[in-house]
Amino acid sequence: MVKRIGVLTSGGDCAGLNAAIRSITHHAITHYGWEVIGIRKGTTGLINRPLEYIPLTIEQCDSAVLRSGGTLLGSTNKDNPFSFPNSDGTRSDHSDDFITAYRELGLDALIGIGGDGSMHILRQLAQKGNINLITIPKTIDNDLGETESAIGYATAVEVATEALDRLQPTAASHQRVMVLEVMGRDAGHIAIASGIAGGADVILVPEIPYKLENIYNKIKKLTDNGRNFALVIVAEAVRDEAGQPAVVSSLGERIRYGGIGHYLGEKIIEATGADVRVMVLGHVQRGGQPNAADRIIAAAFGIHAVDLIAQGKSDRMVAWKHRDIIDVPIQQAIDAYHSLQPTDVLVRTARGLGICLGDQ
Ligand code: F6P
């Protein structure tokens, strides 16, 4: 009999996490009569001593929470329990601390809301500690396999689209080329979706190699046809001509992308003489209120995750497929990394609209 479940958010935050926490809490308490423990700062909350957690109540998870950005539990995207930073600067395996705390709290199951990196770590912990684990996909990058959408993606696309909506009039007023750099890590989903929705003329994604010449030609063609502005959107992991990524820093466990927008901007100025401005959208794409689509999938994911625990299931990730919620083995989702495919509907749509993807 399940009596007490834990929930944590792990990895980069995004809009819609609180909607998922609220849904889990409501369903677990009102439908099953369980207790819900919110673990703070991702896995770190059960590694630190004293433990960092809060009992979640229906009152806490009201509709204000549904609307709010970030995660009320906090998160981490760097403190891997298997290589955890100690106060003296060294790193060591603290996974046993997490497992001991899980037992001390009397948890019967754990719901982890995260992306592929977090799911990999949570699964390792679950296997080592015999923890009943269910995961919920969240990532603005939308690069997790087996699910058509992850929490946070729809809002990020909406924010990037709004940025293009706002850049277009100022670009036209000043006869400028606007370059917008968006997030997405190694996948171009945010760039292509918001580029189409926001009327971009050029969309560059890491999955499609580009030639600068093609971008210059597109801009020249627009100008020749009397257009007085151009919108270029570029995903952060697009590489420069020499094949190098633009990185802010590569310290720690993972690269931080940033700078490809400015690189492109300079190249466009040199080649076309256009008046160019560059905007790096950054974490604005992750913060703020979730849009309706993210609130809806977060709610549905939360309910299904709790039902899976009630059915005695473990090691499953909930997923959105064909207008329904299904669940798949966690490892299967991690293995099926989902980058943008050249045959994807959005690539075909962009080409059909005459948007330059840089390869022709
Ligand atoms: O994975 C989500 C994401 O927002 C990426 O799109 C981006 O590259 C990265 O996280 C930024 O991470 P951080 O919050 O550590 O700067």
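Modeller: At least three residues from each of domain 1 (4–151 + 290–321) and domain 2 (154–286 + 341–352) go into the lining of the largest pocket. This is a predicted model, where local features need pLDDT of at least 70, side-chain atom pairs count only at pLDDT 80 or more, and totals for chains, interfaces and linings use all residues. Residues are numbered from 1 along each chain as its sequence is written, and side-chain values use heavy atoms, with hydrogens and water left out.

Colleague: Where do those domain bounds come from?

Modeller: From an automatic or database domain assignment. The centres of domain 1 and domain 2, taken over C-alpha atoms, are 33 Å apart.

Colleague: What makes something a pocket rather than a cavity?

Modeller: On a 1 Å grid over the protein atoms alone, a cavity is a set of points where a 1.4 Å probe fits but cannot get out, while a pocket is an open set with protein on both sides within 12 Å along at least five of seven lines; a lining residue has an atom within 4 Å of a point. The largest pocket holds about 1,100 Å³ of space. Its lining has 47 residues, and G12, N77, R185, R254 and R286 are the closest to its centre.

Colleague: How is a volume like that worked out?

Modeller: Grid points are joined across faces, edges and corners, and the volume is the space filled by probe spheres set on the points.

Colleague: How do the residues of that lining divide by class?

Modeller: Into 13 nonpolar, 18 polar and 16 charged. Ala, Val, Leu, Ile, Met, Phe, Trp, Tyr, Cys and Pro count as nonpolar, Asp, Glu, Lys and Arg as charged, and the others, Gly among them, as polar.

Colleague: Which helix gives the most to the lining of the largest pocket?

Modeller: Helix 4, with five residues. Helices (H or I, at least four residues) and strands (E, at least two) are DSSP runs, numbered from the N terminus.

Colleague: How do you know that the span of helix 4 agrees with what it should be?

Modeller: The expected span is 1.5 Å times one less than the number of residues. For the 14 residues of helix 4 that gives 20 Å, and the end C-alpha atoms are 20 Å apart, so the two agree. Helix 1 (residues 17–31) passes too: its 15 residues should span 21 Å, and its ends are 21 Å apart. Just after helix 4, N130 has a positive phi of about 55°, and helix 1 is followed by G33, with a positive phi near 70°.

Colleague: Why does the second largest pocket lie between the domains?

Modeller: Because domain 1 and domain 2 both give residues to its lining. That pocket holds about 290 Å³. Among its 15 lining residues, N142, E148, H189, H338 and D344 are the closest to its centre. Helix 6 (189–197) and helix 11 (345–352) each supply at least two.

Colleague: Why does S149 count as buried?

Modeller: Buried means under 20% relative accessible area, exposed over 50%, partly exposed in between (1.4 Å probe, protein chains only). S149 has 15% relative accessibility, so it counts as buried. S149 sits in the loop between strand 7 (133–137) and helix 5 (153–173).

Colleague: What is S149 in contact with, leaving aside neighbours within four places in sequence?

Modeller: N142, I297, F301 and W320. Contact means heavy atoms within 4.5 Å. Between the domains, 17 residues of domain 1 are in contact with 14 residues of domain 2.
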